[in-house]
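User: I have a model open and would like to know how its labels were reached. Please set each value against the rule behind it.

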Amino acid sequence: MTVSTRFAHAPAIAERRFVSRLGLVALAIGLVALPGAAQQTEVEDLAAFLKERVESVGAPGVAAAVFDSAGLRAYGAAGARKSDDDTPVERGDLWHIGSITKSFTATLAARYVERGGLEWDAALGDLLPVPFGESVFSEVTLTQLLSHRSGLVANLPMRDFARFRTSKEPLRDQRRDALGVLSATEPVSAPGETFLYSNAGFITAGAALESLADRDWESLVRREIFLPLGLTSAGFGAPGADNPGEVTQPRGHLSQDGKKMAPVIPGPFGDNLAMLGPAGTVHMSISDLGRWGMEHLRGELGAGTLLETETFQRLHRSQGDNYAYGWVDDEPEWVHGRHTIWHNGSNTMWYALVAFVPDDDIGLAVATNGSIQSSSFVHEVVTALFDRFHDDEGGEE
């Protein structure tokens, strides 16, 4: 399996963009309502809504959440944790969110920018003088890294994957090792000139944050984001026990012949390389993914808790090619062309999407363990949920 297909959410974003061109805390987020926002009463269970849909497409399992600036409106799950097992998914199960992780890395960077310890236009040669001080990438900025306009390659060379897969070194050391590889690559373009979806760029940004704070990226994300927002389910890597006989959480699946779903045991081969963390290794419950989207919706509307309003809005604004800072900023068809801030993610064994429509004060999160092949199904669920809950608020098609 190639590097690009292991991070298949990158082609997914590119495909969507080009189609468009062609015609195309605890739980602090829910404590303060925006003026005029509907107060939360009862959180609906979406299990029945999802059960009918997951059975019609043959995906193992699916989970979804609907939120607005006042809180979670609905969430639930349906289907199976594993395709050849009848253990059902549960409402609180964990789902791998792939490159949605990039929005966490960008938000983490924003926390340090607001504290004055970091600048958006800080140069890579200053952030990481070893090994970038004398490299052709020395003038690349933090903004360019987080908006995929750095000129770095999309992924580490394939020859390096095997040694990182088996490495026992601390993840921070592995990332420093990866920087040496990346600093010696040929740029694909001049800094800021061309959009190229780059996991390598986010690994580099994560390593810069590690150097600044003198802690590994995983610890920083826990301290700066998970804990303040009460995202207690959040963790890293494939969820569940690394044991063939234990189905304690949903398992990712690989598609065989585009039809049969083969479950993958959690562990080293059940996810991307662990050292790719800043680009895409987070997992969490669907309700916590909804709360993550809610924090950014609230931030966009002026009531976030992690950042100032203008910082949230900067994270959500395109820097070119509809890509912002760990978020996509456009008008996707699956919400009928409304202005939407969103991101998807997949390590090919899962597929997830979180999106919010600021003008309508509504957001959605959907995840499946049915592999990247289930992306169309996820988009259909997003549309169905948007239509249902948007209509509940008196919206018009």
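**Labels and the values behind them**

Analyst: Pro-131 lies in helix H6, residues 129–132. The model is a predicted one. The peptide bond leading from Val-130 to Pro-131 is cis, with omega near 15°.

User: Why is Ala-106 called buried?

Analyst: Buried means under 20% relative accessible area. Ala-106 has a relative accessible area of 0%, so Ala-106 is buried. Ala-106 is found in helix H4, residues 101–114.

User: What does Ala-106 touch, leaving out residues up to four places away in sequence?

Analyst: Ala-106 touches Trp-120, Leu-146, Leu-315, Tyr-325 and Gly-326. Another pair is Ala-106 and Pro-278, which are 172 residues apart in sequence and 9.1 Å apart in space, C-alpha to C-alpha.

User: Which residues have the most contacts inside the largest nonpolar core?

Analyst: They are Phe-104 and Leu-385, in a core of 112 residues. Beyond its neighbours within four places in sequence, Phe-104 is in contact with Ile-97, Val-221, Ile-225, Phe-226, Leu-231, Met-284 and Trp-292. In soluble globular proteins, nonpolar side chains tend to be buried together.

User: How do H4 and H10 pack, and which residues meet?

Analyst: H4 and helix H10 (residues 199–213) pack at an angle of about 35°, with axes 10 Å apart. The crossing is left-handed. From H4, the residues are Lys-102, Thr-105, Leu-108, Ala-109 and Tyr-112; they meet Asn-199, Phe-202, Gly-206, Leu-209, Leu-212 and Ala-213 of H10. By class, this contact has seven nonpolar, three polar and one charged residues.

User: What makes S4 and S5 edge strands?

Analyst: The open sheet of three strands has the order S4-S8-S5, with antiparallel pairing. Strand S4 (94–96) and strand S5 (235–236) each have a single partner strand, so one side of each is left without a neighbour in the sheet.

User: How do you know that S5 and S8 pair?

Analyst: Two strands pair if there are at least two bridges between them. S5 and strand S8 (residues 282–285) have two bridges, so they count as paired, in the antiparallel sense. Gly-235 stands opposite His-283 in S8. Helix H13 (residues 286–300) packs on this sheet, touching S4 and S8, and its direction makes about 105° with that of S8.

User: What is the strand order in the sheet of seven, and which strands are at its edges?

Analyst: The seven strands form an open sheet in the order S1-S3-S2-S12-S11-S10-S9, with mixed pairing. Strand S1 (44–45) and strand S9 (328–330) are the edge strands, each pairing on one side only. Helix H3 (residues 47–57) packs on the sheet and touches S1, strand S2 (61–68) and strand S3 (71–79).

User: How many bridges join S10 to S11?

Analyst: Five bridges join strand S10 (residues 340–345) to strand S11 (residues 351–357), and the two run antiparallel. The cut-off is at least two bridges, so S10 and S11 count as paired. Trp-342 stands opposite Ala-355 in S11.

User: Are Asp-214 and Thr-348 buried or exposed?

Analyst: Exposed means over 50% relative accessible area. Asp-214 has 55%, so Asp-214 is exposed. Thr-348 has 5%, under the 20% limit, and therefore counts as buried. Asp-214 is in the loop between H10 and helix H11 (217–229), and Thr-348 is in the loop between S10 and S11.

User: What is phi at Asp-214 and at Thr-348?

Analyst: Asp-214 has a positive phi of about 55° although it is not a glycine. Phi of Thr-348 is near 80°, a positive value in a residue other than glycine.

How values were computed: Residues numbered from 1 in each chain as written. Predicted model: local features only at pLDDT ≥ 70, side-chain atom pairs only at ≥ 80, totals over all residues. Heavy atoms only, no water. Helix = DSSP H or I, 4+ residues; strand = E, 2+ residues; numbered from the N terminus. Contact = heavy atoms within 4.5 Å. Axes fitted to C-alpha atoms, helices over the stretch in contact; angles between N-to-C directions. Buried < 20%, exposed > 50% of the residue type's maximum accessible area, 1.4 Å probe, protein only. Core = buried A, V, L, I, M, F, W, Y, C linked by side-chain atoms within 4.5 Å. Left-handed = near helix turned anticlockwise from the far one by under 90°. Nonpolar A, V, L, I, M, F, W, Y, C, P; charged D, E, K, R; others polar.
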